[in-house]
Amino acid sequence: MKGTNLGEFEELVLLTIATLVSDAYSVAICDDLEKRTGRSVKLGVVHSVLNRLEEKGLAKSKLGEATSARGGKRKRYYAVTNAGKAALLKAKDLRDQYWSVIPEFALKSI
Amino acid sequence: MKDDLNITPPRWATHLLSWYCKPELLEDLEGDLNEYFQRNVKARGLRKAKLIYVIDVLKFFRLYTIRKPEFVNLLINWIMLSSYIKTSGRTIVRNPLFSMINIVGLAISMSVGLLMIGVLSDTLSYDKFHEHHSRIYRVTSHYEYLNEKDGNFMATSSLRAAREIKETFSIPEEVAILNREFSGDIKAGEKIIPLSGFWANPALFKVFSFELLKGNPATALKDPFSIVLTEKSAKKLFGTEEAIGKAIVFNNDKQYTVTGIIKDLPTFSHIQFDILGSLSTKEIIAKDDKSELAWDNIWNTWVYLLLPKDANLALLKANFDELSKREDPTVKHTHIELALQPLDKIMIGDDLGNQIGPVMGKSSLWIFGALTFVVILSAGFNYTNLSIARSLKRTREVGIRKVIGALKRDVLGQFVVEAVMISLCALTLAFILFLLLKPYFLSIEPSVQKLLVLDLSPSLLLYFIGFAIIVGITAGFFPALFFSRINAVQVLKNVANSTFFRKLTMRKVLIVLQYCISIIFITSTIIAYKQYRHFVAFDLGFKTENILNIYLQGNKADILRKELSELPEVKGISQSVMVTSVGNYWGTQMKYHANPIDSAGVYYNIVDENYIPLHEHKLLAGRNFTAKADSSESEVIVNQQVLKRFNIANQDPAKAIDEIINVDRKDLRIVGVMKDFHYGRANGRNSRTEVVLRYSRKDARLLNVKIQSTDLLATYSKIESIWKKYDAVHPMEAKFYNAQIEEAFAGLKGAVKIAGFLAFLAICIASLGLLGMVVFSTETRLKEISIRKVLGASEGTLLYLLGKGFFLLLAIATCISIPVTILFFEKVAFPELANHAPLSIPEMFLGVLGVLLVALIMIGSQTLKVARTNPAQVLKSE
């Protein structure tokens, strides 16, 4: 397994998967990310990140049911694995830790 | 939700996606793209959506989406390839003799192939440094006098044509003119250096990409008395000083100003010069010479046109024809046709007369290429022959491979790989041979050395490797095909009974072919050498022995002559303007009063009163010239051909004396009639032609010094030291007459050398092949021989038994090749070669005998070895 450290975008994608719960497939993730972050998110980038997350074992996927939309192609739904959840928590903890030790005045003046 | 037929994404893009994408990712990806597509159709319209779809498909071509190649197949191929290499390596090592024969044979022939590739790559890289090389054309002319076509196109055309093209033609963008000849002694300060070059017009720098280091390309060749030097000549004349703007004196006469320095010309430029003079100078100098701008003065000017891209060449040719029609009436009985020759074809194109410098020529390239091909073919035969011969030992291997599951193409692949391996081994050896041969090859003929460099470059090495692979594939293909057709069941059941090995016809044919090639090469070499000796020692009708021709190079004859005549070794000195019988022609027009309209060309030489006795020309009637101080020309000596051509005095030499003829617009009295001699080169068809000898003591260009000495070298250096006293600038240029004649036939000598070399190679290769065959066939019959021996056969009978098959093949080869050679020389070569020596059959057989002797030694030694083996030892190990 490659390193379990999460990149910033990887973290966002993983969080989006968690948010969308049972509707987390590539296009939806893309849209949601665009909506929340306000940046333009390319499908290709999301795809490669999803692929990487799956390779790292942080997310898992399964094919859904075939519908008449999407040219009859099935969607691939993603879900966060335990390892993914752990990685997310670890990242959050790390941040909280920092926030807890930053003196109040340090960021106030900026 | 029915999809309209129109709103589907581009089908080809979807196909592309499904072609490259991993199957496990494909469905999802396709679906996503489709969803986006539908969305885009609504938002941005169908066309844009399609475009985005295509771009996205292309963008998804990433490392993680691409389908891995059919992994298993590739793996097998890889494993098998290494297995092939391993087995091939083992076979090569196991049969060192056969492998050596194959590798050495291929290497020898490939070294010639490498030379050929080098020559080709050199010739093809000529003139490519010109930026517009594909758009530059040269104007060539075809001269026709009295409807007599001489079939020769000239690389030159006339100044008149150049001017007309420049002024009236619309198609050419620029017209560059080079005019012969701007050569002589150049004096800069105290230094005098002889340099040579051309007159040229300013457009030269627009047409060609000669780089002008200093000076303005637009004006450097514009004004009269401007001279452009190459870097090298500038250095010679001025050293490190700035040359631009300096004055130089040309031939102690006119003064010129240096207006440009040109970068030294690349080796691969068909135009070579030291200096260029502005053409406008020539126009001033030759102002009074009417012939300068004559339509039929097509001997001195090279015209190069820069045409626009996609120029209409047919239209240009039509313009040329119009020009000819317009200008032809200005000269009598003459038709001159102009044509175009692309710059890129100059080196490898048709063999034109009057080239600006040496060229390779199509015919020599073709001949050399064909000979190379024959030699390589011969080595390829060896490979095919030996591989099939040895197939007996390898059929089992192939059978087992097939049983295990190898397909036909796998076996084919295996043997081709093996052949390529061997040819790559041969390449390394061939490369070493190539490096060794290179200097010899370049020194075969002086012109070759000027033309070719044969420098190694990465691209050349790549060509070499490519060449080796091609040779390997071609040589290995037939054996490979043979092996791939083997029937596994048959070979595994019973090797000895399989019918393959009874069919030896092809092998026999190949051996006969190889020996035919060898014999043809060797006999041709012998014949060509005989011709060379014949021409060098040819009876020209006068004597050339011990005559040293010293070129005066502008010096006065008298002083040098006086000094030289004081040497005790010098038996006589005469003077002349040219050397006959070595391929030089000086021509002029002649008329005879009996037929005033009929003027015809005659060749001439201007000599003094000593010339005829010194060269022992035979006078049939009349007398020799008498010494005469005044310069007016009044007497002439003609040969029999002149009497015949003009029908003077019914061709009776005695009566022709005192007849008046008009030579070069002067009325001259015939004082003597000489016997015909070979004015041209002895192999020329019209070498024994109409010649007049004219008298003048002033116009001499060279001294003919007859020497009688036991130490010619010492005498030569004595003469040289005298020369140095009078001329410090020019090194003495002197050659013995016989050596000059030999030089005139240097081309033939070069051909003999090449043919001899190739004959040697062909014989080597054929012998190697024969050796392999003999060794093989004797070894496979070892048991049979042993049994025969036990039963009482003598060594002699065994020798006969083993050798007779091969002797028969050699006999057939001889019977085929000798008539072919004779036919070739009688029908093809000799009609082109006047005055040739007759074919001498005994000498041809000598060559054949040589080849056969080598073959006999090969067969004899091997069969004897087998015949002498102890039968007990062979039969014991059953």
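First, some ground rules. This is a predicted model, in which local features need pLDDT of at least 70 and side-chain atom pairs count only at pLDDT 80 or more, while totals for chains, interfaces and linings use all residues. Residues are numbered from 1 along each chain as its sequence is written, chains are lettered from A and ligands numbered from 1 in the order in which they are written, and side-chain values use heavy atoms, with hydrogens and water left out.

**Where the chains meet**

Chain A brings 21 residues to the contact and chain B brings 18 residues, where contact means heavy atoms within 4.5 Å. About 1700 Å² is buried between the two chains, with carbon and sulfur atoms giving 50% of that area; buried area is the accessible area (1.4 Å probe) that two parts lose on being put together, summed over both. A:His47, A:Arg70 and A:Lys73 supply 29% of the area that chain A buries against chain B, more than any other three residues.

A:Lys73 also meets B:Glu30 through their side chains in a salt bridge (3.6 Å, N to O).

On chain A, helix H2 (26-37), helix H3 (43-56) and strand S2 (76-80) each supply at least two residues of the side that touches chain B. Helices (H or I, at least four residues) and strands (E, at least two) are DSSP runs, numbered from the N terminus. H3(A) gives the largest share of that side, 6 residues.

**Within chain B**

Chain B is divided into four domains by an automatic or database assignment:

| Domain of chain B | Residues |
|---|---|
| Domain 1 | 11-59 |
| Domain 2 | 135-345 |
| Domain 3 | 362-532 + 747-876 |
| Domain 4 | 547-740 |

The C-alpha centres of domain 1 and domain 4 of chain B lie 92 Å apart.

Now back to the strands, which pair if DSSP finds at least two bridges between them. S4(B) (residues 184-188) pairs with S5(B) (residues 191-195) in the antiparallel sense over 5 bridges, and B:Gly184 stands opposite B:Leu195 in S5(B). These two strands form a hairpin with 2 residues between them, and B:Gly189 in the turn has a positive phi of about 65°. S4(B) is also joined by 2 bridges to S9(B) (residues 247-250), and these strands run antiparallel.

Conventions. A salt bridge is a side-chain nitrogen of Lys or Arg within 4 Å of a carboxyl oxygen of Asp or Glu.
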